Amino acid sequence: MIKIFIVTHKENPVLSNDVLVPIQVGTNPSITDTILRDNTQDNIGNKNSNYCELTAAYWIWKNEKEADYVGICHYRRYLNFYNDWYNLKPSAQKKIKNEDFKKTKLFNTSSEKLEKKIASILSEYDVILCRPYKFKKGSLTDNYCEEHRKEDWDLTKQIILEKYPEYKDSITQFLDEGTLFHMGNMMVSSKEKFDSYYAWLFSILFELESRITIPEDAYQARIFGFISERLINLYMYHHKFKIKGIPSYRIIDL
């Protein structure tokens with residue numbers, strides 16, 4: 001069984017089925033009576049303003065017991081598993097209006113066929129991520145420090161080295177000198193790999209949270225979501241996972 005959880009905080013996703021399962025993050029009133037919530041069972045739903053989609057990832061890690069393969073997308077961002085063969089230079093993230101998204105093969109494919117398509121990809125690859133953006137100047141470290149507090153990033157790398165010293169060379173290679181950026185924390189993998197990744201990630205982020213003061217600015221307060229967007233690259237490349245990078249849709253009028 002494959003379940004890709006569509007993270008939402010304000011409205012029911014435009015596309016959902018037996019494979020693409022909506023999950024509402026945070027502690028606001030439920031969007032619908034039946035929507036899955038990330039503030040149930042073992043959860044960190046009350047940290048959503050700081051951890052973003054990671055509160056859903058935590059819930060999946062701790063509470064999802066049925067699926068063999070799991071993943072995360074967003075209510076406005078979907079992985080496009082059907083990359084048209086004639087599109088020689090597809091954008092990593094295609095901006096699309098809602099009405100046009102409803103005409104795509106992804107939207108109009110049955111959940112049975114979609115599950116077979118994803119299974120066929122995962123029969124050859126360890127993990128599906130967004131196709132990476134390649135920086136023309138600078139690295140992942142430079143990119144983070146230009147947009148956010150440098151001291152938080154430096155402390156994150158220090159904590160990784162304290163807990164996982166075997167990552168030293170990979171931090172240099174994939175963060176400080178790395179130019180490939182799989183954005184959005186969107187991934188699909190076996191539940192076993194998903195669980196191992198998030199056990200590693202949250203061991204770092206919870207330690208970081210204990211040592212810093214979270215920014216007061218609402219945008220910068222999403223600190224753990226921003227940091228994790230970079231660390232997923234470190235983890236996947238450090239472990240030499242076979243990565244399938246695929247394009248994504250970003251619905252611009254929701």
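Q: Leaving aside its neighbours within four places in sequence, which residues is Ser228 in contact with?
A: Contacts show which parts of a chain meet. Here Ser228 is in contact with Leu54, Asn185, Tyr197, Leu201 and Leu205, once neighbours within four places in sequence are set aside. Keep in mind that this is a predicted model.

Q: Where is Ser228 found?
A: Ser228 belongs to helix α10, which covers residues 223-238.

Q: Does Ser228 count as buried or exposed, and why?
A: Buried means under 20% relative accessible area. Ser228 has 0% relative accessibility, so it counts as buried.

Q: Let us step back. How many helices and strands are there in the chain?
A: The chain has 10 helices and 12 strands.

Q: What does the C-alpha trace span along its principal axes?
A: The spans are about 45 × 45 × 35 Å.

Q: What share of the 254 residues do buried residues make up?
A: Buried residues account for 52% of the 254 in the chain.

Q: What does the accessible surface of the chain come to, and what share belongs to carbon and sulfur atoms?
A: The accessible surface is about 12,400 Å². Carbon and sulfur atoms hold 46% of that surface.

Q: What share of the contacts with a separation of 6 or more is between residues 24 or more positions apart?
A: Separation along the chain is the thing to read. In this chain, 73% of the contacts with a separation of 6 or more join residues 24 or more positions apart.

Q: Which residues have the most contacts inside the largest nonpolar core?
A: A core is read as a group of joined, buried nonpolar residues. The largest one has 54 residues, and Tyr198, Trp200, Leu231 and Met236 have the most contacts inside it. Apart from that core lies another, of 26 residues, including Cys73, Leu79, Leu106 and Leu122.

Q: Which residues does Met236 touch, not counting residues up to four places away in sequence?
A: On that count, Met236 touches Val127, Leu129, Met187, Tyr197, Phe241 and Ile243.

Q: How far apart are the mean positions of the positive and negative charges?
A: The chain has 36 positive and 35 negative charges, and their mean positions are 6 Å apart.

Q: What separates the C-alpha atoms of Glu207 and Ile159?
A: Glu207 and Ile159 are 48 residues apart along the chain, and their C-alpha atoms are separated by 7.5 Å. Glu207 sits in helix α9, residues 191-211. With neighbours within four places in sequence left aside, Glu207 is in contact with Ile159 and Lys163. At 24% relative accessibility, Glu207 counts as partly exposed.

Q: What separates the C-alpha atoms of Ser49 and Leu106?
A: Ser49 and Leu106 are 57 residues apart along the chain, with 30 Å between their C-alpha atoms. Ser49 is part of helix α1, residues 48-51. Beyond its neighbours within four places in sequence, Ser49 is in contact with Ala221 and Arg222.

Q: What does Val21 touch, not counting residues up to four places away in sequence?
A: Val21 touches Lys3, Ile4, Phe5 and Ile6 on that count. Val21 lies in strand β2, residues 20-24. Its relative accessibility is 18%, so Val21 counts as buried.

Q: What is the phi of Gln41?
A: Most residues other than glycine have a negative phi. Gln41 is not a glycine, yet its phi is positive, about 50°. Gln41 is in the loop between β3 (36-37) and α1. At 58% relative accessibility, Gln41 counts as exposed.

Q: What is the phi of Lys240?
A: Lys240 has a positive phi of about 55°, although it is not a glycine. Its place is in the loop between α10 and β11 (243-246). Lys240 is exposed, with a relative accessible area of 72%.

Technical notes. Residues are numbered from 1 along each chain as its sequence is written. This is a predicted model: local features need pLDDT of at least 70, side-chain atom pairs count only at pLDDT 80 or more; totals for chains, interfaces and linings use all residues. Side-chain values use heavy atoms; hydrogens and water are left out. Helices (H or I, at least four residues) and strands (E, at least two) are DSSP runs, numbered from the N terminus. Buried means under 20% relative accessible area, exposed over 50%, partly exposed in between (1.4 Å probe, protein chains only). Contact means heavy atoms within 4.5 Å. Accessible areas come from the Shrake-Rupley method with a 1.4 Å probe; for residues, only the protein chains shown count as cover. Lys and Arg count as positive and Asp and Glu as negative; His and the chain ends are not counted. The place of a charge is taken as NZ of Lys, CZ of Arg, CG of Asp or CD of Glu. A nonpolar core is a set of buried Ala, Val, Leu, Ile, Met, Phe, Trp, Tyr and Cys residues joined through side-chain atoms within 4.5 Å.
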